[in-house]
Amino acid sequence: MKFKKAMVAAALGAATLLLGAIVPATASAASNKPIIVGSKNVAESKTVGEIYALALEHDGYKVTRKPNISNNVVFSATQKGQVDVYPDYTGTIVEAYLKKNGQGKSSAQMAKIARNGIKKDGLTTFNYAPGDDRQGVGMPTKVAKKYGIKNLSDLQKQAPKLRLASQGEFEKRPDALPAMNKAYGKYHFKSLKDYDTTLLYKIMSQGKADVAPVSTTDGQLATGKFTLIKDNKGIWPPYNLVPVVNAKAAKNYPKMKGTLNKVDAKLTTKQLVSLNKKVGVDGQNYKTVAQNWYNKNIQ
């Protein structure tokens, strides 16, 4: 019996060694419990969240996807462990969640404030991406060229000739038009009308407005039809893309950090604009766009 047990043990040991040689080391790190990858209910978040999921699966983890979570819910859901990780922005964490002023801060400073600030919530962040989805102002390219507008100082001088389309809050929020007025001088726009946020580019393309608040990673900025006006005095802080992670999940899945850091290193502002154009302008499915990007940039 001892001889048979020894033979069985030897056989099992050999099988274990063989499996270890065949199965990737990353797979052994994967828990039986799937990593829950969430995203907000906007195209950029869903696309990046899907890229995160693909990367984690490639590195041997099981993944459960939870896209389309309300902006107001996803942060607290991650606190509660209902989500393990989702893409957010350093600026959103600092200014919306922590209620701190990020004006004048660098990307690295914003990332540090964000990471330290959410520790108390049982959360952490990994490396921030170079991609920066901050506040901006956009114009139809032909209008910007007509008036020689390249930056917000130029825009301030030409404002009396231009019509501003807003979404109902840009003209009121302290960090939006009031901040522009304070830094650059009063903007006396020819007119100001409010529209649904999703219609602002359409309104400008129809010639009904000349200026509108935009985000610096909007897909429409890749079409050539619209121009992002430079914030030459730097009034708007960085909003770098960053994974928000449940701290317990970060410990339970120790290789998740390396996996997502590798992804985020490739997500530049230009890349995010391109991804958003494919989804929001060209009408491609975000899962297809994420898969194609992942195949080209990570695999």
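View 1. A salt bridge here is a side-chain nitrogen of Lys or Arg within 4 Å of a carboxyl oxygen of Asp or Glu. Side chains of opposite charge can pair when their charged atoms come close. In total, the structure holds nine salt bridges. Keep in mind that this is a predicted model, where local features need pLDDT of at least 70, side-chain atom pairs count only at pLDDT 80 or more, and totals for chains, interfaces and linings use all residues. Residues are numbered from 1 along each chain as its sequence is written, and side-chain values use heavy atoms, with hydrogens and water left out.

**View 2. K40 pairs up with D88 in a salt bridge.** Their closest N and O atoms sit 2.9 Å apart. K40 belongs to strand β1 (residues 35–40) and D88 to strand β3 (residues 85–89), so this pair ties together parts that are 48 residues apart in sequence. (Helices, H or I with at least four residues, and strands, E with at least two, are DSSP runs numbered from the N terminus.) Are K40 and D88 buried or exposed? Both are buried, meaning under 20% relative accessible area, while exposed means over 50% and partly exposed is in between (1.4 Å probe, protein chains only).

**View 3. R173 forms salt bridges with E169 and with D175.** For E169 and R173, the closest N and O atoms are 3.2 Å apart; for D175 and R173, the N to O distance is 2.7 Å. R173 is partly exposed because its relative accessible area is 23%. E169 counts as partly exposed too, at 38%, and so does D175, at 31%.

**View 4. The largest pocket has a volume of about 1,400 Å³.** On a 1 Å grid over the protein atoms alone, a pocket is an open set of points with protein on both sides within 12 Å along at least five of seven lines, and lining residues have an atom within 4 Å of a point. Of the 35 lining residues, V42, D133, T197, S215 and D218 are the closest to the pocket's centre. Helix α5 gives the largest share of the lining, four residues. Elements supplying at least two residues each include α3 (43–58), α4 (71–79) and β8 (212–215).

Definitions and conventions:
On a 1 Å grid over the protein atoms alone, a cavity is a set of points where a 1.4 Å probe fits but cannot get out, and a pocket is an open set with protein on both sides within 12 Å along at least five of seven lines; lining residues have an atom within 4 Å of a point. Grid points are joined across faces, edges and corners, and a volume is the space filled by probe spheres set on the points.
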